[in-house]
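Dear colleague,

Please find below the sequence and structure that I am handing over to you. A summary of the findings follows.

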Amino acid sequence: MKRAFTLIEMLVATMLVAMLMGAVSLAVGGLARDERAIAKRQNVARDERVLDLLRWDLLNAKSMSVGRDGVTLIGHGGIDRGKMTATVRPSWVVYRVARRGERAGVLLREQNYRDDTVRPERWSEIVAVGVRRLDVVAAPGAGLPEKVRVRVAFEDRVVDQVIRTRS
C-alpha cells in the first residue's frame with residue numbers, strides 16, 4: 001500500500017504556509033515603517049543641531065560677512081573644544097561646505113580665538129554631512145541685521161529658517 005498526502009492535508013499545509021507568509025510580510029512592512037520613522041527623527045535632530053549652532057554663533061556675533069567660501073562671524077560666542085561649553089572669549093567662526101567634486105559635502109564649523117594671537121586654538125568640527133549648500137541671507141547694511149535667513153540644502157531636503165540675531 002502506497003502512502004501519500006490526502007487533499008485535505010495538502011490544503012491544510014497550504015493554508016499554514018499562507019498564514020506564515022502573511023505574518024512575515026506584516027513584520028517586514030512594520031520594520032520598514034519603523035526604519036523610516038527613526039531616520040526622520042534623526043534628520044530632525046541633525047537639523048536642530050545645525051540650527052542651534054548657527055543660532056548660538058549669530059546671537060553672539062558682532063559682525064558677519066558672507067562670501068563664496070562660507071559665512072564668517074566675529075564675536076564672543078566661542079565654544080570650548082574639550083568641554084563643548086560656551087566661552088565668552090572673542091572668537092572668529094567660519095561655516096563652510098567642504099566637498100569633493102559635485103557630490104554633497106560636509107558642513108564645517110571652524111573656530112579660532114582672537115584674544116591670543118600666539119595660541120588662537122584653531123579647531124574645526126563637522127556639523128552635518130550630506131550638505132549641498134549653505135546660504136545665509138541678511139538685509140544689506142552696516143553691522144549685523146536683526147534677522148537672518150538661513151537655508152541649508154541637504155541631499156534629501158532643504159531646511160529654511162529665519163534666525164534672530166539679537167535676543
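Strand β4 (residues 105–113) pairs with strand β5 (residues 123–138) in the antiparallel sense over 7 bridges; two strands pair if DSSP finds at least two bridges between them. Helices (H or I, at least four residues) and strands (E, at least two) are DSSP runs, numbered from the N terminus. Arginine 109 has glutamate 125 in β5 as its bridge partner. β5 also pairs with strand β6 (residues 147–154), again antiparallel and over 7 bridges, and here aspartate 135 stands opposite arginine 151 in β6.

This is a predicted model, in which local features need pLDDT of at least 70 and side-chain atom pairs count only at pLDDT 80 or more, while totals for chains, interfaces and linings use all residues. Residues are numbered from 1 along each chain as its sequence is written, and side-chain values use heavy atoms, with hydrogens and water left out.

The protein chain averages a pLDDT (the predictor's confidence in each residue, from 0 to 100) of 83, and 91% of the residues score at least 70.

The lining of the largest cavity includes Asp57, Asn60, His76 and Ser91; lining residues have an atom within 4 Å of a point of the cavity, which is a set of points on a 1 Å grid over the protein atoms alone where a 1.4 Å probe fits but cannot get out. β2 (70–75) and β3 (91–98) are the elements that give two or more residues to this lining, and the largest share, 3 residues, comes from β2.

Yours sincerely

Notes:
1 Å grid on protein atoms, 1.4 Å probe; cavity = no way out; pocket = protein on both sides within 12 Å on 5 of 7 lines; lining within 4 Å.
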